[in-house]
Amino acid sequence: MTMTDHPKTSPEIRPSLYAKWRRWWKVGALVLGITAAALFIGGWQLSEAYGARAAKYDLRKLKETSTATMVLDRSGQPLGSLNDNNRGFVPLDEFPPHVIDALIATEDSRFYRHHGVDYVGIARAMVKNLAHLSVKQGGSTVTQQLARQTFSLKGRTFDRKLLETFVARRIENSFSKSEILECYLNRIYLGHGFYGVGAAARGYFGKDVKDLTLHEAALIVGIIKAPVPYSPFRNAEAARRVRDLTLKRMHRLEMIDANTLASAQGLPLGTLEEGARLGRQNYALAAVEEELETLARTGQGGPWKTVSVTVDGALQAKISALVSDHVARIESKLPSADKKEAAAAGKLQAAVVILDNRTGTVLVTCGGRDYVTSPFDRASQGLRPAGTAFL
């Protein structure tokens, strides 16, 4: 049997093929080089641009503490104050270790290992979010949150996130880790007008931050991600759930043992009644606080030193007293049977709203006979419209 050699590329064709390969290799290398150069130049220009923007922020603001917000009525007279639970900057050494452990465990477990931006955490969050096809986890560090909170860097745009990153890195270059923690713990918003863990400790538990127990610290840290949905005043079950999740995270990172975990999870929340922490408030001030909380939550400012409202302070005080006296007088005239029924159902309540017909502004809002004993505002939160009573 005759074996036939495989055909070979003729001497005339081979040089032509090699020439083409060399040409395509050179073109590919040139394209890659141009692309790499463009990316480098673009990245450098981007870094320069965002670095310049980040440099405009005054980092001294990080150590400024929020003070009580003075609310002025339509005549410029004091109607009252808000946020008076915040009594200045609390040094880091006054925070119990379990407060810091709870924060690190929940918000930034790699805090001491990154330089403002945790790329490992970002990658892990992306993988988890892709696995669930939804946003289950974020990648923001404590330093990034501090930058966002201090300078109102709100929104979900790529531009905002890049700026936040550069501000965070600048913070890391200017402050120690201990200073960053101290600033964060004193500035983070924790709902109900409380800025900082010190204010939250007094507002939620009526105690100084140095006296917070493990489960109280876990509750306060747990509500950082969503202070309104997890508010212990408004949703005790959700607050308990995030408290226990914080404790579990601490146990997973070996900050507490199993017995301590079980013991802390078995404790009641132990927070104050909502009215107790606002003893000097009235319904008008509570409505102002609610509005300011909405603005703070949506990144539209805060904390505020002074706020002016349309309420007439003198008329507000007069109407509040009249409402309380009026319902008390009605109760005193009820027949005995009706008194027993009324007592079983709770005290009689009333609501009053007075508007300026020319402008539509609110002059008086009173949602009950006494805010301290009944903070539910029937003027704005009641399900039944007042018009049905008149009809």
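At what angle do helix H8 and helix H9 pack, and how far apart are their axes? Helix H8 (residues 214-222) and helix H9 (residues 236-252) pack at about 110 degrees, and their axes are 8 Å apart.

## Basis of the model

This is a predicted model, in which local features need pLDDT of at least 70, side-chain atom pairs count only at pLDDT 80 or more, and totals for chains, interfaces and linings use all residues. Residues are numbered from 1 along each chain as its sequence is written, and side-chain values use heavy atoms, with hydrogens and water left out.

## The chain as a whole

The chain has 14 helices and five strands. Helices (H or I, at least four residues) and strands (E, at least two) are DSSP runs, numbered from the N terminus. Of the 391 residues, 39% are buried, that is, under 20% relative accessible area with a 1.4 Å probe, protein chains only.

Among contacts (heavy atoms within 4.5 Å) between residues at least 6 apart in sequence, 65% join residues at least 24 apart.

## Helices H8 and H9

The angle of about 110 degrees between H8 and H9 makes H8 roughly perpendicular to H9, a term that covers 65 to 115 degrees. On the H8 side the contact is made by Leu214, His215, Ala218, Leu219 and Gly222, and on the H9 side by Ala239, Val242, Arg243, Thr246, Leu247 and Met250. These residues divide into seven nonpolar, three polar and one charged. Ala, Val, Leu, Ile, Met, Phe, Trp, Tyr, Cys and Pro count as nonpolar, Asp, Glu, Lys and Arg as charged, and the others, Gly among them, as polar.

Axes are lines fitted to C-alpha atoms, for helices over the stretch in contact, and angles run from 0 to 180 degrees between N-to-C directions.

## Leu214

Leu214 is found in H8 and is buried, with a relative accessible area of 15%. Leaving aside neighbours within four places in sequence, Leu214 is in contact with His98, Leu247, Met250, Ile256, Thr260 and Ala264. Val99 is 115 residues from Leu214 in sequence, while their C-alpha atoms are 7.3 Å apart.

## Strand E1 and its partners

Strand E1 (residues 69-72) runs antiparallel to strand E2 (residues 78-82), joined by four bridges; strands pair if DSSP finds at least two bridges between them. Met70 has Ser81 of E2 as its bridge partner. The two strands form a hairpin with five residues between them, and Gly76 in the turn has a positive phi of about 85 degrees.

E1 also runs parallel to strand E3 (residues 306-308), with three bridges. There, Ser308 is the bridge partner of Leu72.

Key: Angles under 35 degrees count as roughly parallel, over 145 as roughly antiparallel, 65 to 115 as roughly perpendicular and the rest as oblique. Buried means under 20% relative accessible area, exposed over 50%, partly exposed in between (1.4 Å probe, protein chains only).
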